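Please read them with the structure open.

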Amino acid sequence: MNNGRKKVGAASVGAILVLSLLATACGKSEDQPAASSSASTSPSSSPTTSAQPLSKYSPPIEVSTVRAVDATFKYAEGDSIDSNIWTKIFENDYGIKVKNVWSVDASQYHQKLNVSVASGDIPDFLEVNKEEMKRLADADMLEDLTKVWGQFATPYLKNVLNQDGGVGFKAATIGGKLLGIPRTYSNGGISTAPMLYVRTDWLQKLNLPEPKTMNDVFNIATAFAKQDPDGNGKADTIGLALNKDFMDGGHGSLNGFFNGYHAYVDLFIKDAGGKLVYSSVQKEMKEPLKKLQELYKDGVLDKEFGVKPAAKIQEDVAAGRVGLAYGTVADGGYIQKENHTKDAKAQWKAYPLVSVDAKPANPQLSDTAGTFYVVKKGSKHPEAVVQLANIYVNRYYETSYAPSPNPFISDSKTGIFPGKYAPVMIDPLNTNLEAFHKVQDALAKGDGSKLDFPANIHFDRLTKFKAGDDTMWFSNMVFGAKGTYSVIDTYDQAKVGQYNLFLGSATPAMSEKLPTLKKKVYETYTKIIMGDASIDDFDKFADEFKKLGGDTIEKEVNDWYNKNK
């Protein structure tokens, strides 16, 4: 399943764009590779083990790891992945020498790692995905980090990694043992929830109300497609933007649309009996598909959506052909921004998901962690990975560490971002949401002098926007009082959000059959929406899905769930 999981060494497109346009809104996550634990070797048994979190080792210790790098890793003269600002901080300030056994391009990381795992030759700690963690656990190659975590994680780090209510740690627990430290991101958790983007100048022109129900959405979409909202006398506008990968969660996806019907995409959720079932083939999907079929037939949806990638939707938005789309929190800062840049009259606003009935819509959320830091069984210093996480998180987030040069801020002239050199990177899920609160409070008081990074950056931009600098429109779209983070704040205050309830590694049947079954889901949905298949074919497909492996997958998923409740 996709569910927002990131690959080691691969930057998400959304993260790259929002960080480049919002100037490292997350502080450190730009172009980061994507990425929870009882110690069989007691850390107190080693004479060089640090007595407490963040204390310096004396004599120094050495721990080994492996790294994924890519073309975005740039270095100052004399620096490298093996010797840089972070390696000096670790060694000089904390007595930890980190040795890279090997480093490869991110595209080769998993292949190289598989070779190391097969040979039994892994470093002291490394970053792995769920499947790799499970294979290492099955081979009894991982240290149980439960005691290590309890003893060495700072209170602040513990708080950071419990912002999701323990979802990440549950994913890292195998057989009752905490075998990894989850890697979280500052745009994760509730910030991954979908929302509805509406072009408000078109609403006003056509005298339409803001969306409060799904019926409002249908009416707005129809009007935007048929009433010439751009005033050019041509039938060239799209009612509701939709891309061919409409279940990927990106701009022009349908996740938020389905959530409005209390249906979910590519998740395992509980049915009425408490059993985990695959969301994409549940009966709740039938009504939204039927409505989409009607909208398509009526010319409200783009006739070419079946061949349109998400990038094309962005072009359509920029060109002023779109006024309604489901998307995520960062989109307004770079997708809608392009439309406003080309047409200053174009105004957008993001709204929380609306429902088809009296029951509020519950937005689906991505996994909070897709990769984990694990430790080789028998490693002399299993606590070192926790100490490295402490250093990264506490020196920046808790103490606002600000040396010169600062490893957490990109050099505007060279594009060098030392933050990514750190071998252990963990970001609070709510960094940007908390920054939003700080900024709004400072704006209300008219004083941003005490703000820390990144709130101070957004305060400065919003102050410029309020003073008439329209180049800061994108910042207002995201961090303004009615920006996209106000939608995330609404979700957060309401305590809503549907996570995938299956948090384990892919089961045998899932690995073998689910990729093919997901393709069939796309094919079936697309045919239904375009009218090439009857809505009743959904029921036939749901039965076929079960026979082709869905029942086996659900059995394996429930076996895992019953053991890990």
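1. In this predicted model, helix α11 (residues 286-297) packs against helix α19 (residues 508-529) at an angle of about 50°, and their axes are 8 Å apart. Because of that angle, α11 counts as oblique to α19. On the α11 side the contact is made by Leu289, Leu292, Gln293 and Tyr296, and on the α19 side by Tyr525, Ile528 and Ile529. By class these are six nonpolar residues, one polar and no charged.

2. The crossing of α15 past α16 is right-handed. From α15 the contact takes Ala435, Lys438, Val439, Gln440, Ala442 and Leu443; from α16 it takes Ala455, His458, Phe459, Leu462, Thr463 and Lys466. The contact of α15 with α16 has seven nonpolar, three polar and two charged residues.

3. Gln314, Val317 and Ala318 of α12 meet Ile335, Gln336, Glu338, Asn339 and Lys342 of α13. The residues of this contact divide into three nonpolar, three polar and two charged.

4. Which residues have the most contacts inside the largest nonpolar core? They are Trp86, Ile96, Phe257, Phe258 and Ile426, in a core of 160 residues. Helix α14 (residues 384-398) supplies the largest share of this core, nine residues. As general background, nonpolar side chains tend to be buried together in soluble globular proteins.

5. Not counting residues up to four places away in sequence, Trp86 touches Ile391, Tyr392, Pro407, Phe408, Pro418, Gly419, Tyr421 and Ala422.

6. Leu157 lies in helix α6 (residues 155-160) and is buried, with a relative accessible area of 0%. Leaving aside neighbours within four places in sequence, Leu157 is in contact with Trp149, Val386, Ala389, Asn390, Val393, Asn394 and Ile426. One of these, Ile426, is also listed among the residues with the most contacts inside the largest nonpolar core. The C-alpha atoms of Leu157 and Pro428 are separated by 8.8 Å, although these residues are 271 residues apart along the chain.

7. Is Asn259 buried or exposed? Asn259 is a residue of helix α10 (residues 255-259), and at 0% relative accessibility it counts as buried, because the cut-off for buried is under 20%. Beyond four places in sequence, Asn259 touches Pro194, Tyr264, Leu353, Ala361, Asn362, Pro363 and Gln364.

8. Some backbone features deserve a check. Most residues other than glycine have a negative phi, and most peptide bonds are trans. The peptide bond from Ser58 to Pro59 is cis, with omega near 0°. Pro59 sits in the loop between α1 (13-21) and β1 (61-69). The loop between α1 and β1 also contains Leu54, a residue other than glycine with a positive phi, near 70°. At 30% relative accessibility, Leu54 counts as partly exposed.

9. Asn207 also has a positive phi in a residue other than glycine, with a value near 55°. Asn207 is found in the loop between α8 (200-205) and α9 (214-226). With 70% relative accessibility, Asn207 counts as exposed, since exposed means over 50%.

Terms used: Residues numbered from 1 in each chain as written. Predicted model: local features only at pLDDT ≥ 70, side-chain atom pairs only at ≥ 80, totals over all residues. Heavy atoms only, no water. Core = buried A, V, L, I, M, F, W, Y, C linked by side-chain atoms within 4.5 Å. Buried < 20%, exposed > 50% of the residue type's maximum accessible area, 1.4 Å probe, protein only. Helix = DSSP H or I, 4+ residues; strand = E, 2+ residues; numbered from the N terminus. Contact = heavy atoms within 4.5 Å. Nonpolar A, V, L, I, M, F, W, Y, C, P; charged D, E, K, R; others polar. Left-handed = near helix turned anticlockwise from the far one by under 90°. Axes fitted to C-alpha atoms, helices over the stretch in contact; angles between N-to-C directions. Parallel < 35°, antiparallel > 145°, perpendicular 65-115°, else oblique.
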